[in-house]
Each structure stands twice: as C-alpha cells, then as structure tokens.
Amino acid sequence: RISAGTGTTSQISVQTRDIQLLFAGRICGDGTQPKPGQWPNCGRKSRGYSQGVRQEVHYHHHNRTGYFINVQDPQYGEHLQRARFCLAPTGGGPGPSQ
C-alpha cells in the first residue's frame, strides 16, 4: 500500500522484474544488424560508434538469460517495466545523452 499524500491509499501491483538488463537501440553505427557471436560484430564504418560500448555489450550478452539486447523492441514499454536495469550508453551524436 502506498499513500498518495492526500490521505488515500492505493494498491500498486508489483510486477516481476525478470529482465536483468534492457537495451533497445542502434548497436552498429551504420545501422546494420550486428552479427551475433562474431567479433567484430559490426562493419568497419561502426568502429568509433559509441566508443565500442554497444558492440561489446551485444557481443558478450546478446544471448544471456535475463538480458534483452536488441536493435528494436515493439514492446519497449512493457519490457521497461519488467527491467531491473536499463542501459543508456553513448551513441554517435553530439549530445551527452547520445
């Protein structure tokens, strides 16, 4: 039970956090699909993209139980609710969140 601060209480269902790590986004800088189990898993144009973080994470964890690592996720909202941790690595853009 959680109090809303207005004197009312509401029930919030606690969903199982069965996804240990979630990442859904570009892995290869050139937009191609990464090659599972192969290193390098992206083409030459992707070498500097994300300082290699996205490629390393995919290479080591793409098939690990409890980890969801993919270039896209149509059920992202649901998976986000089920995830304990979400990966937000640097990408290739000029901003600090990319």
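**Close-up 1. Glu78 and its accessibility in the predicted model.** Glu78 is partly exposed at 37% relative accessibility, where buried means under 20% relative accessible area, exposed over 50% and partly exposed in between (1.4 Å probe, protein chains only). This is a predicted model, in which local features need pLDDT of at least 70 and side-chain atom pairs count only at pLDDT 80 or more, whereas totals for chains, interfaces and linings use all residues. Residues are numbered from 1 along each chain as its sequence is written, and side-chain values use heavy atoms, with hydrogens and water left out.

**Close-up 2. The salt bridge between Glu78 and Arg82.** The side chains of Glu78 and Arg82 form a salt bridge at 3.1 Å, N to O, the term meaning a side-chain nitrogen of Lys or Arg within 4 Å of a carboxyl oxygen of Asp or Glu. Because the two residues lie four apart in helix 2, about one helical turn separates Arg82 from Glu78; helices (H or I, at least four residues) and strands (E, at least two) are DSSP runs, numbered from the N terminus.

**Close-up 3. The salt bridge between Asp18 and Arg82.** Asp18 pairs with Arg82 in a salt bridge whose closest N and O atoms are 2.9 Å apart. This pair links distant parts of the chain, 64 residues apart, with Asp18 in the loop between strand 2 (9–10) and strand 3 (19–24) and Arg82 in helix 2 (residues 76–82). Asp18 is partly exposed, at 39% relative accessible area, while Arg82 counts as buried at 18% relative accessibility.
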